[in-house]
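Please keep the coordinates in view while reading.

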Amino acid sequence: MSAILKSVESFPRLSVRSLASFTRLRGVEQQKLLHGQKFPRQAPQVFMQPYYGPPLKGIKSFLETGAAALVDARAEFQRMKQASRRLHCNRVLESFVRSDHAHRGLVPVSIPRYYASMRSLELRLSPDLVAMDGNTRKFIYFNCKEVEADSAAVRLTLEFAHWLLSENGLKIEPEQIEYIDLFTNVLHTGRKVRKGTMRELEEHAKLIELIWPGLEP
């Protein structure tokens, strides 16, 4: 049991999307989010992290090989023990297939690993999909939840992602970063990073530095 409870994160690491969510939470919920990052081997984090992994994999396969990939994706869902998870995974995949995005001609490419630091906080990009849209590379996030995405958290995700890519020396236009809400079918595209966003990034990095050492298994 001690091996399961052991922290594997000695300093804070978050995806840009997790940080955007963090900024929208209250104190107790913020600590819960960070606890799941600091102690990722504890349940239920082990299960929750890849919860929507199968439909995202199915979306990528569908874009790569066409409708034939849907047969294998749906079969994988049927092997899941939890009925609720089968339902939600199928919902996500079908929502994408019915959307206009399924017919944009997106061509998936490998997802690069990009990181950047603000104070002691390490941020990682972690998009759900990287694809060529014609001659343009797109970094795409999906809202897979059965509720409309928080527009403020979406914008922060897109701005944090653009800042991180810039920190890695990439000349990326804001519009190359997208957030597709599979609940509403709304497409959010990146916009120029606001000065206030950078202040918020640093302020929350400071807050995370304060909270992190006190988190216990």
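The model is a predicted one. Of its 217 residues, 46% count as buried, a residue being buried when its relative accessible area is under 20%.

Nine helices and eight strands make up the secondary structure of the chain. The radius of gyration is 18 Å, close to the 17 Å that the globule rule gives for 217 residues, so the chain is as compact as a globular protein of that length. Taken along the principal axes, the box filled by the C-alpha atoms is roughly 50 × 45 × 30 Å. Among contacts with a separation of 6 or more, 70% are between residues 24 or more positions apart.

Attention now turns to helix 9, which comprises the 17 residues 195-211. From its first C-alpha to its last, helix 9 reaches 25 Å, close to the expected 24 Å. Its buried residues are Thr 197, Leu 201, His 204, Ala 205, Ile 208 and Ile 211. These residues lie on the same side of helix 9, because they cover an arc of only 125° around the axis. In general, an α-helix has 3.6 residues a turn, so residues three or four places apart point the same way.

What do the buried residues of helix 9 pack against? Their partners are strand 1 (13-15), strand 3 (115-118) and strand 4 (121-124), together with helix 2 (16-23), helix 3 (27-38) and helix 8 (151-167). On the face turned away from the buried side, helix 9 carries the exposed residues Lys 195, Arg 199, Glu 203 and Leu 210.

Technical notes. Residues numbered from 1 in each chain as written. Predicted model: local features only at pLDDT ≥ 70, side-chain atom pairs only at ≥ 80, totals over all residues. Heavy atoms only, no water. Helix = DSSP H or I, 4+ residues; strand = E, 2+ residues; numbered from the N terminus. Expected span 1.5 Å × (residues − 1). Buried < 20%, exposed > 50% of the residue type's maximum accessible area, 1.4 Å probe, protein only. Arc of directions from axis to C-beta. Contact = heavy atoms within 4.5 Å. Rg over C-alpha atoms; globule rule 2.2 N^0.38 Å.
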